[in-house]
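Hi everyone, thanks for making time for this.

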Amino acid sequence: MRLDKFLKVSRIIKRRTVAKEIADKGRIQVNGQLAKSSTNVKIGDVLKIMFGNKTLEVRVLDLKDTTKKDEAKDLYEIVSETRETSYESLD
């Protein structure tokens with residue numbers, strides 16, 4: 001399954017066009033390799049997605065062409081989720 005389609009079906013990213021943009025800007029890795037929107041995703045792959053100040057790492061558990069909202073979370077598991085924060089000193 002294409003990366004952009006998986007991100008939309010799993011509801012990690014709400015729109016496929018947005019998933020395509022993020023992937024084509026080099027902000028998604030599949031198993032440590034930079035990925036394009038057309039990259040094929042398989043069960044067991046680890047996706048690292050960098051949104052602005054947040055990095056989400058998920059493992060693909062299942063692939064389906066369509067899902068209901070409550071079933072979407074069954075397609076992946078979150079491996080890690082980090083937020084970048086910048087603190088300015090108040091000296």
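Let's start with Ile43, which sits in the loop between β2 (33-34) and β3 (46-51). Before going further, please keep in mind that this is a predicted model.

So, is Ile43 buried or exposed? Ile43 is exposed, because its relative accessible area is 54%, and the cut-off for calling a residue exposed is over 50%. Even so, Ile43 has contacts away from its own stretch of chain: if we skip residues up to four places away in sequence, Ile43 touches Val60, Leu61, Asp62 and Leu63.

Now let me use Ile43 to get us over to another spot. Arg11 is 32 residues away from Ile43 along the chain, and the C-alpha atoms of the two are separated by 16 Å.

Arg11 brings us to my second residue, Thr67. The side chains of Thr67 and Arg11 make a polar contact, at 3.2 Å. Where is Thr67 in the fold? You'll find Thr67 in the loop between β4 (54-60) and β5 (76-83).

Thr67 is a loop residue, and Thr67 is buried, because its relative accessible area is 15%, with the cut-off for buried being under 20%. The side chain of Thr67 also has a polar atom that lies 2.9 Å from the backbone oxygen of Val9. What else does Thr67 contact, leaving aside its neighbours within four places in sequence? The list is Val9, Arg11, Ala72 and Leu75.

With those two residues in mind, let's zoom out. The protein has two helices and five strands. Along the principal axes, the C-alpha atoms fill a box of roughly 55 × 25 × 25 Å.

How much of the protein is buried? Of the 91 residues, 31% are buried, and Thr67 is one of the buried residues. As for the surface, the protein exposes about 6300 Å², with carbon and sulfur atoms supplying 46% of that area.

On contacts, take the ones with a separation of 6 or more: residues 24 or more positions apart account for 40% of them.

Last, the charges. There are 20 positive and 15 negative charges in the protein, and their mean positions are 6 Å apart.

That's my tour, and I'm happy to go back to either loop if anyone would like another look.

Technical notes
Residues are numbered from 1 along each chain as its sequence is written. This is a predicted model: local features need pLDDT of at least 70, side-chain atom pairs count only at pLDDT 80 or more; totals for chains, interfaces and linings use all residues. Side-chain values use heavy atoms; hydrogens and water are left out. Helices (H or I, at least four residues) and strands (E, at least two) are DSSP runs, numbered from the N terminus. Buried means under 20% relative accessible area, exposed over 50%, partly exposed in between (1.4 Å probe, protein chains only). Contact means heavy atoms within 4.5 Å. Accessible areas come from the Shrake-Rupley method with a 1.4 Å probe; for residues, only the protein chains shown count as cover. Lys and Arg count as positive and Asp and Glu as negative; His and the chain ends are not counted. The place of a charge is taken as NZ of Lys, CZ of Arg, CG of Asp or CD of Glu. A polar contact is a pair of N or O atoms within 3.5 Å; within protein, one must be able to donate a hydrogen and the other to accept it, and residues adjacent in sequence count only if both atoms are side-chain atoms.
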